[in-house]
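Dear colleague,

I am pleased to hand over the structure below, together with a short account of what was found in it. Please read the account with the structure open.

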Amino acid sequence: MIPMSTLGRPVIQLGDPKTFDLNFKGPVAKRSCTDVLCCIIFILCIIGYIILGLLAWVHGDPRRVAYPTDSKGHFCGQKGTPNENKTILFYFNLFSCTSPSVVINLQCPTTQICVSKCPEKFLTYMEIQFTYRTNKNYWTYYSQFCKSTFVKPAKTLTQVLLDDDCPIAIFPSKPFLQRCFPDFSTKNGTLTVGNKTTFEDGSGKTRNAIELRAAANRVNKILDARTIGMKIFEDYATTWYWILLGLIIAMLLSWMFVILLRYIAGLLFWVFMVGVIGIIGYGIGHCYQEYCNLQGQPNSHLTVYDIGIQTDISMYFQLKQTWFTFMVILCLLEVFIILMLIFLRERIRISIALLKEGSKAIGYIPTTLVYPLLTFIFLSICISYWAVIAVYLATSGVPVYKVITPEGQCKHENTTCDPEIFNTTEIAKACPGAQCNFAFYGGKSLYHQYIPTFQIFNLFVFLWLINFVIALGQCALAGAFASYYWALKKPDDIPPYPLFTAFGRAIRYHTGSLAFGSLILASIQIFRIVLEYLDRHLKEAQNNISKFLQCCLKCCFWCLETVVKFLNRNAYIMIAIYGKNFCKSAREAFNLLMRNVLKVAVMDNVTDFVLILGKILVTGCIGVLAFLLFTQRLPTIIEGPTSLNYYWVPLLTVIIGSYLVAHGFFSVYAMCVDTIFICFLEDMERNDGSTERPYYMSQSLLKILNEPSMQTKKP
């Protein structure tokens, strides 16, 4: 027989009641280290991560990302080199860059040299040969865009093309991203380069700006992006203090919302449910009205089966069957919601009481609202370290040169070469016009061969650390809120500095357990990333069956990650309370939740709704105020910034920032409610409300049980 309480609910025992510690008064103080093996592995991985960073720092060179590289692999603008004063990369023949991706990847099949400034005028090599006799200044200007300094333009055009010493033509350009790009502009609706629509390309052909844009169309988009970027920067410079003010107001509103939840959580929920019922009721009435209006209409009696599949969806709304089906579905949904509210009203009351209790707990431990800032700092450190190592690994190696031909029809295309002796090799003879240009940085040493593996290790440890930081925050917050719940007399018996104490316990005793849970989650996430990578690179080679399997795997791993996050979260709460290892804590948390699965489902839905409502409320209020301010619609109240280029730039920044601020506050609130809920369930199973074993829950939660004979702990 299952014993029944006075409420008529089963009292689920965890075994012999003697196994309970009847003197349990909150988070266990005497603890031992848990999951030591995983802790050791975690520390070794961090040490290996640091060693990898040192290796990448020794072999890598981030200047290869910051500085452009010429065709010989030399940096432009690097101090202590002949190119120290030549900071800009210049392309000999931009017309050869027919593929936009070639220009973006900076591997255009033309000679690239470092120059001190970009050309500012139209000049061709043939023009220079004619004007050199009368004015040598033109050649002095032109020669700075050649590989080496020449006394005079003595070589013929054919010889210049073969030796690739000088460009056959230069065009007005502007430096962008330390590279010379054509100076495109629009004059009277016509695209021009240097105020010209047509010009000589140096080989006897007349070109126009449209052709040059076709060869560098992606570059033109980058130039447009530069203009937009400058305008956005100006908007930020004008509105930064308004943005900061908006984020401060969002923080204050989030704080107020958390406080008000203590008093209006129930009102918010019931207003929402009444609104949902009213909207569904309106939908039922509208469907019934449309159904009645179609009475007697021709062809309205037909069924979906009769008309078959139609591209015009509106045809289905001309059938009575469609509106009748919608009406039945909405009626069933309305009945389901009403029945749920009727039969689950007591559990909904418990959820609302937990929301109010969470607000009270945060009010007693306000330092918990500052903890998201610490988490943000830790996450920023992890992200920065990962990005730096990724850059250093990507720039490790020595210059690698490959054969590039303008037409791309040489059999030696993309083969490695040596630029010092390339002109004397058979490749240069077999492929006229071929060049040995710098391609990338690499090498054949053991370190360089394992760079892809190091990048994967870098990503995996990064995910592990990110999940560990989040787990540490959840465990620390859970320990602080558990101290509140199990305090005999609130707030007098709440231990001093509960958050600091819980954080210290988590680091000192449970690093291994937190690392264990983070490792499981990181492993699932790395598998998801691998699946995404394979899907992107093998998309065209996949058939329908493989695509279906790929989608199934993605869905399964997403569901698995969601479940693991839920289990880990509750396991960390049990670790913070009892100090057991991860597996035991996860098992006990899972069993506890499964014994109260209905309460869990209702509590999660109610909590999620209220918190989502809070985020929307805070973000919406700040967003509306920012919109009115940045669009100059509050001139009588306050004068906002004027002459903005794009008002949506600061507006979106304020909206996104406000949401993140609200999310930071309410993530603490969600952890508070989850912890109190776990403690509440433990309290219900440990104690029976008698004088010998009274409940630890507050009077507000005790009233939900509606049993006057039950008592709470007396100090």
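**Salt bridges**

Glu561 counts as buried, at 8% relative accessibility; here buried means under 20% relative accessible area, exposed means over 50%, and partly exposed lies in between, with a 1.4 Å probe and protein chains only. The model is a predicted one, in which local features need pLDDT of at least 70 and side-chain atom pairs count only at pLDDT 80 or more, while totals for chains, interfaces and linings use all residues. Residues are numbered from 1 along each chain as its sequence is written, and side-chain values use heavy atoms, with hydrogens and water left out.

Glu561 meets the side chain of Lys565 in a salt bridge, at 3.4 Å from N to O. A salt bridge is a side-chain nitrogen of Lys or Arg within 4 Å of a carboxyl oxygen of Asp or Glu. Helices (H or I, at least four residues) and strands (E, at least two) are DSSP runs, numbered from the N terminus. Glu561 and Lys565 are also linked with Arg528 in a network of salt bridges.

The structure holds five salt bridges. One of them joins Asp674 and Arg569, whose closest N and O atoms are 2.6 Å apart. Asp674 lies in helix 21 (residues 648–686) and Arg569 in helix 18, so this pair ties together parts that are 105 residues apart in sequence. Both Asp674 and Arg569 are buried, Asp674 with a relative accessible area of 14%. Leaving aside neighbours within four places in sequence, Asp674 is in contact (heavy atoms within 4.5 Å) with Arg569, Ile573, Met603 and Asp604.

A further salt bridge links Glu588 and Lys580, with 2.7 Å between the closest N and O atoms. Here Glu588 is partly exposed, at a relative accessible area of 23%, and Lys580 is likewise partly exposed, at 33%.

**Nonpolar cores**

The largest nonpolar core has 119 residues, and Leu354, Tyr485, Tyr669 and Phe680 have the most contacts inside it. Such a core is a set of buried Ala, Val, Leu, Ile, Met, Phe, Trp, Tyr and Cys residues joined through side-chain atoms within 4.5 Å. Helix 15 (residues 451–485) supplies the largest share of this core, 20 residues. Apart from this core lies another, of 21 residues, among them Phe90, Tyr132, Tyr141 and Phe145.

Tyr669 touches Val258, Leu261, Leu355, Lys356, Gly358, Ser359, Ile362 and Leu611, not counting residues up to four places away in sequence. Helix 11 (residues 345–364) has 20 residues and reaches 29 Å from its first C-alpha to its last. This is close to the 28 Å expected at 1.5 Å a residue, the expected span being 1.5 Å times one less than the number of residues. The buried residues of helix 11 include Leu354, Leu355, Gly358, Ser359 and Ile362.

Helix 15 also holds Ser483, which counts as buried at 8% relative accessibility. The C-alpha atoms of Ser483 and Pro498 are separated by 6.9 Å, although the two residues are 15 residues apart along the chain. With residues up to four places away not counted, Ser483 touches Pro27, Pro495, Pro498 and Arg505.

**Pocket and cavities**

The largest pocket has a volume of about 1700 Å³. Of the 50 residues that line this pocket, His663, Gly664, Phe666, Ser667 and Val668 are the closest to its centre. Helix 21 gives the most to the lining, with 14 residues.

A search of the whole structure finds four cavities of 30 Å³ or more, and the largest cavity has a volume of about 120 Å³. Its lining includes Phe90, Phe92, Pro119, Phe171 and Cys180. Strand 6 (179–182) gives the largest share of that lining, three residues.

On a 1 Å grid over the protein atoms alone, a cavity is a set of points where a 1.4 Å probe fits but cannot get out, and a pocket is an open set with protein on both sides within 12 Å along at least five of seven lines; lining residues have an atom within 4 Å of a point. Grid points are joined across faces, edges and corners, and a volume is the space filled by probe spheres set on the points.

With kind regards
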